[in-house]
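Biologist: I would like to learn how to read a few features of a model such as this one, beginning with the place where chains meet. Could you give me the general idea each time, and then the case at hand?

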Amino acid sequence: MESKRVVPAVCILAMLGSLVIGAQATAADPANQSQGPVQAEQGAPAPSPTTSIADPVENLDKRLSTIEEWKAKIERLPSLSNKFNIGLNALQFLYTHQDAHVAEGKSQDNLSIRRSEVLMYGKINEYVPKWHTLMEMQSNNLSLNTPGCATTSPCNTQPTGTPAATTMFREAYIDYRPIPGIAPNLNVIRMGVFRMPFGIFTETSGGIRDVVSSPYLTTVGSGTVNRNGSNSTVGTIDFIQERDYFADVRGTLFNRLEYVAGIMNNNNFQANAVGANGPKVGYTRVRFMVTDISFISFTTLQGESNNTNTEINGRGKGAFDRYGIDARYTSRYLPGLMVQGEWWQGHDGANQTSVGIPAQGACLNVAQCGGNAAPGVQRRTWYVLGKYFISSGPLQNFEPVVMFDSFDPNTSMSNDMYTRTIVGFNYYFENLPPKIQTKLSINYEFRHHQGTGPGTTVPNTDPFAQNVFLAQFQVRYQ
Amino acid sequence: MIGRWHNTPELFIMRCRLQWEEGRHLSLFPCMRKESYQAKEEVVSPLKTGVTIAHLQRGRGSRYQTRKWLKLHEPSLGNQLLVLVVFSFTIASCAPNARIVNETATGGTVLYSYVEEYDVLTSPGRKEAIRLLDEKCPSGYRVSREGEVPRISKAVDRAWMGQVSSNGQVSREKDWAIQFACR
C-alpha cells in the first residue's frame with residue numbers, strides 16, 4: 001500500500017518539476033514568446049509601457065546614406081552609365097516563295113533567318129561619344145577571293161578563288177570627337193566598318209527598313225560572268241556596297257546642312273581579311289535638311305577600282321565613280337505619309353568580274369585578262385518608295401507600302417533593264433518604346449528583267465524575272 | 001467673298017519688306033534680314049550700272065571671243081558640283097534652329113529640337129526660340145505651358161521609332177514646344 005501512495009506523489013513531483021523546467025525554458029527563448037498556440041489561447045498581450053516602437057525617422061540619415069552608397073555603386077555599372085549597351089538590331093524570320101524554276105534539291109519555298117544581328121554600343125566620354133559593334137549571328141557563306149591571272153595558262157581557264165573571309169563580323173566603328181566645343185559643326189571622325197553614307201537605303205539599318213528586299217542599287221542580277229566573254233550586263237552587279245572600311249569626317253553646319261567626307265577601302269566588309277581594292281576611294285555627301293524631317297542630298301564617290309582582289313561583283317579595272325541624289329519627304333500635314341527616292345549613276349572600269357572569277361587588267365581579251373572582257377560601262381538606277389502609316393480606325397497600325405525600282409546595267413545598251421514594283425504592308429505590333437519594336441512585313445514583288453542585251457531573253461530560272469512573295473516577322477530591341 | 005492670297009514672289013518680298021518696315025520682322029531666315037537685303041543691293045547695283053545695252057551689242061569678233069571663252073570655260077561636272085555645294089550652303093545658312101507654329105497676332109507656339117534632357121534649357125534652339133519670342137512680343141510675353149511634343153504625331157512617332165532620322169540610324173532628336181501669349 002505504501003508503494004502505491006509513493007508513486008502518485010513522485011508522479012506529481014515529476015510533473016511539477018517538468019512544468020517548472022518547461023516554464024524556465026520558455027522564458028529563456030523569447031522567440032517562442034511571440035508565437036505558438038499557448039499565446040494564442042492567452043490572447044494578445046497588452047502593450048507594456050516600457051516597450052518602445054521603432055521610430056522610422058530615427059535612422060533616416062543612416063538609411064539614406066546606405067541607399068546613396070548603393071546607388072553610387074550601381075550607377076558605375078557599365079550598362080547604366082551608358083558605357084556599354086547590348087541589344088538586338090534585328091531578328092528577322094523570313095518566308096519566301098518565288099515562281100522561278102529552281103535546281104534539283106532546292107525549293108521555291110524557303111524559310112530563313114534574314115538577320116540575327118546582335119548589337120553592342122556605348123559612350124566612353126565626350127571625346128569618344130560612341131563605339132559600336134554588330135555581329136551577324138547566323139549561318140553565313142564563306143566569301144571567295146578573286147585571284148589575278150598566272151602566266152602559265154589562259155586566264156579564263158584558271159581555277160576560281162578560294163574561301164577567304166567569313167561574313168559574321170559586320171560592323172564596328174569608333175567615333176572620335178576632336179574638339180567637343182565646335183560640335184556639331186565638326187561632330188565626329190568616324191573610323192571602322194559600317195553602313196556607308198551613300199543615299200538613304202544603304203545607310204538605313206536593316207531593322208528599320210520599309211520593305212523586305214534591298215533596292216537594286218545595292219545588288220542585282222544573279223550568277224557569274226561568262227568566262228568566254230560576255231557583256232557588262234551579265235552576272236551579279238553590286239553597284240553600291242552597303243558596308244566598307246572607312247575613315248570620314250561628319251558634322252552639321254548651320255543646323256541644317258549635314259556633311260560627310262572620307263576615304264574607304266572600296267572592298268566591302270570583307271576588306272578586313274582581304275585588304276583594300278587598289279587605291280583609296282573618296283566619298284562626299286551633303287544633306288540639306290529642308291525641315292527637321294525632310295531632306296535632299298547629293299553624294300559622290302570618286303576613285304579607282306580593280307577587278308583583281310575585288311570582293312564586290314561587277315567591278316572592273318580603271319576609273320570608278322558614282323553620283324547620287326536622294327530625297328525624303330515626311331509629311332506633317334498628313335501624319336504617317338513618307339515618300340523617298342534615290343537616283344544613282346556611275347561608271348565601272350573595263351573587264352568587270354564576279355567575285356571568285358579570275359581577272360587582271362583592263363584588256364578585253366578573256367584569255368589574257370579573264371573577267372567579262374567588256375569595256376567600261378555607265379550604269380544607272382533609281383527607285384521611289386511611298387508609305388502611309390494608319391494611326392486610327394480598323395486598320396490601325398497597318399502601313400501600306402509601294403515601291404518602284406529600276407536598274408540599267410548599261411546605259412548604252414538596250415533590252416537589259418531590271419524593273420520591279422513592290423506592294424505590301426507592314427503591321428506594327430504594340431511596341432514598348434523606346435526599346436522594343438516588332439513588326440510583320442508582307443511584300444509581293446512584280447519583277448521584270450528584259451534580257452542581257454538586244455535580242456536576248458531570260459530563262460525561267462532567272463529570279464529577277466519571276467515574281468516573289470515575302471513574309472517577314474521582326475523583333476528589334478535596342 | 002474674300003479672295004485667296006497666292007504666294008507670288010512679289011507678294012512674298014513685299015510681305016518681308018513690310019514686316020521690316022514695321023520693325024516686326026518675323027522671318028525665320030537670317031538671310032532675310034535687312035543687312036542681307038542691303039548687301040544684295042550693293043552687289044546688284046554695280047551690275048545694273050555696268051552692263052548696258054551697248055555693252056551687249058558686240059561685233060562678230062566679240063561673239064567669236066565669247067564662244068571661245070565659253071568653250072574654254074565650259075562648266076565641268078566638278079564646277080557644277082561646286083556650285084551645287086555653294087548653293088546648298090547658302091540655303092542652309094537661312095535655316096533656323098527654332099520656328100513659330102500656330103502663330104496668332106498675340107501669341108503662338110515656338111518649337112525647337114533637342115537631344116538630351118539637359119539640352120532643353122541650354123540648347124542653341126532654345127536661345128533662338130527666346131529670340132523669336134522677344135521679336136514677336138517686344139513688350140514681353142507670358143509662357144502658358146511648355147513641354148515635349150511629338151515630331152509628327154504620337155502614333156507615328158511610336159511606330160517609326162528611329163526611322164525619322166537623317167542618317168538611317170536611331171534618332172534621339174525630340175521637339176520642345178513653348179506656348180506663349182504676348183503681354
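Modeller: A salt bridge is a side-chain nitrogen of Lys or Arg within 4 Å of a carboxyl oxygen of Asp or Glu. Here the side chains of B:Arg151 and A:Asp292 form a salt bridge, at 3.5 Å from N to O. This is a predicted model, in which local features need pLDDT of at least 70 and side-chain atom pairs count only at pLDDT 80 or more, whereas totals for chains, interfaces and linings use all residues. Residues are numbered from 1 along each chain as its sequence is written, chains are lettered from A and ligands numbered from 1 in the order in which they are written, and side-chain values use heavy atoms, with hydrogens and water left out.

Biologist: How many salt bridges are there between chain A and chain B?

Modeller: The count is 2 salt bridges between chain A and chain B.

Biologist: Which strand of chain A supplies the largest share of the side that touches chain B?

Modeller: Strands are DSSP runs of E, at least two residues long, numbered from the N terminus. The largest share of that side, 4 residues, comes from β10(A). By class, the side of chain A that touches chain B has 19 nonpolar residues (Ala, Val, Leu, Ile, Met, Phe, Trp, Tyr, Cys and Pro), 16 charged ones (Asp, Glu, Lys and Arg) and 10 polar ones (the others, Gly among them).

Biologist: How many residues are in contact across the two chains, and what area do the chains bury?

Modeller: Contact means heavy atoms within 4.5 Å, and 45 residues of chain A are in contact with 32 residues of chain B. Buried area is the accessible area (1.4 Å probe) that two parts lose on being put together, summed over both; for chain A and chain B this is about 3,200 Å², 61% of it on carbon and sulfur atoms.

Biologist: How do strands pair in chain A, for instance β13 and β15?

Modeller: Two strands pair if DSSP finds at least two bridges between them. Strand β13 (residues 337-348) and strand β15 (residues 377-388) of chain A pair in the antiparallel sense over 12 bridges, and A:Gly346 stands opposite A:Arg379 in β15(A). Strand β15(A) is also joined by 8 bridges to strand β16 (residues 398-408) of chain A, again antiparallel, with A:Lys387 opposite A:Val401 in β16(A).
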